[in-house]
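Dear colleague,

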Amino acid sequence: MGKVILVGAGPGDGGLLTVKGKAALERADVVVFDRLVGEEVLNLIPERAKRIDVGKHAGDHPVPQGEINRILLEEGQKDQLVVRLKGGDPFLFGRGGEELELLSAHHVPFEVVPGVTSALAAPAYGGIPVTHRDFASSLHIVTAHRRAGKEADIPFDALVNAGGTLVFLMGVAALPHICEGLLKAGMVPETPAAVVERGTTPRQRRISATLATLPEQAKAAGVESPAVIVVGGVCSLAEDFDWFDRLSLKGKRVVVTRPKDRAGTLSARLRALGAAVWEFPCIETAPLHPCPALTEAVEGLSRYQWLVFTSPAGVACLWDELRRTGRDARALAGVSIAAIGPGTAKALDAHGLTADFIPDVYDGAHLGAGLAERCTGRVLLLRAEWGSPALTEALEGAKLSYDDVAVYATHYAAPQSEEMRRAVEAGEVNLVTFTSASTVRGFVRSVGEGTDFSRITGVCIGEQTAKEARSFQIPVTIAREATIDGLIEIITEGV
Ligand code: SAH
């Protein structure tokens, strides 16, 4: 017998998944999810896990509830961990209860991890505190879902009498009905009201109006589901408390071209600034296996005075080789170590090693120049196939002898190229971040060299990357410091 964990995925912003929900997801063997689960949360599903999408079905209709219940039972009876991921909180209009009934009847063990509900989070991201002592001392969360084409049976009189804040879910189609019902029950037409569409996501919109004018304003704005409707005095605070819309990158669409395993920090930081991040890994690094040149270099490490890394990937390859041959960090005793920049230095630090030299400017030319000043013996470079010639040219200029050992290869990955090309040309993408010349080449290869890049800005980590981008007529801005911090800084300055 397995176990089913009902997990609330939160309202969209990946940061609003709970710690416990994330832990469950990372251990899952099977994940059953539906339409409202945000992409960032879906990205946390482990590669090995089986994914069952019950949000889409033949003819774009969702899988019927009875069928979902059966899927959960069937998977839950196997010896595995099943995570049932639901938007927001699983028990708030999420039919979580119904899904547990069948499991309970068949004695399949289950747990529930509550989630951050859109009923609270969408107003919060829209600058609306659902209660406030000056306005409301109760909150009523109401479904406006229609059944069989009939309007929902909403107790308007009771809601108006209670005098609290009202939050309606599943109410976009029923908005005129809701407002009319409240007016008829005696609510003042000037009562502040708002709709928050796609709350907590980069595409969130808030439409503020009054109870009387909200239906026409929402219609004029073309509001679509999912959206929450908020009615009550608290809505008048939204203009002052509208923190989410004020984030510096709100409304900007930024492409992250780093390899998948390295994109995390940059994407997360851009998202935290409100950007809509499109992860589009253009390159992949793959260790070269077997790598006789590396084996030989490690055997003869004592011949070298300096060991030089130009990326965390190079550090990882050396470590694989040390482990494979039964060695550890002690094998590097007596060798000085150089890193091209802080990212690489951090990778070394994780193994207890402090880089002896990091250039002031994080590129191959400055790394080479710095080595020329410090080194008198032989240099070992562990880096990518076809690494930048600037480094080796500087070593040659200083008449240093070196071994340039390729330990990993960079492959181009070419995902969804047509869609990206269209978005780039239509101006739907604002910024594309490039963390190396190879990401530029990978990106151009994905969308095609003939693409019109005039509507994007390529945000480049350094001069060499920018040179590559310019050669394809991509307008560029360049980070003052070749780090992720430097990239973020130049992006926020530019908006
Ligand atoms: N269990 C979910 C609600 C499911 S009902 C929760 O706790 O959030 C589906 C309704 O939730 C939608 O019709 C919409 O009213 C609301 N909703 C879900 N996600 C939303 C979002 N990101 N922004 C605004 N409303 C959302």
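Is the crossing of α10 and α19 left-handed or right-handed? The crossing is right-handed, meaning that the near helix is turned clockwise from the far one by less than a right angle. This is a predicted model, in which local features need pLDDT of at least 70 and side-chain atom pairs pLDDT 80 or more, while totals for chains, interfaces and linings use all residues. Residues are numbered from 1 along each chain as its sequence is written, and side-chain values use heavy atoms, without hydrogens and water.

The axes (lines fitted to C-alpha atoms over the stretch in contact) of helix α10 (residues 264-272) and helix α19 (residues 484-494) come within 11 Å and cross at roughly 30 degrees. That makes the two helices roughly parallel (angles under 35 degrees). In α10, L266, R269 and L270 meet I484, D485, L487, I488 and I491 of α19, with contact meaning heavy atoms within 4.5 Å.

Seven aromatic pairs are found in the whole structure; ring centres of Phe, Tyr and Trp (its six-membered ring) must lie within 6.5 Å, and planes over 60 degrees apart count as edge-to-face. Y125 and W243 have ring centres 4.7 Å apart and planes at 65 degrees, so this pair is edge-to-face.

Ring pairs link W278, F280, F434, F443 and F453 into a cluster.

Yours sincerely

Methods: Rings of Phe, Tyr and Trp (its six-membered ring) pair if their centres lie within 6.5 Å; planes under 30 degrees apart count as stacked, over 60 as edge-to-face and the rest as tilted. Axes are lines fitted to C-alpha atoms, for helices over the stretch in contact, and angles run from 0 to 180 degrees between N-to-C directions. Helices (H or I, at least four residues) and strands (E, at least two) are DSSP runs, numbered from the N terminus. Angles under 35 degrees count as roughly parallel, over 145 as roughly antiparallel, 65 to 115 as roughly perpendicular and the rest as oblique.
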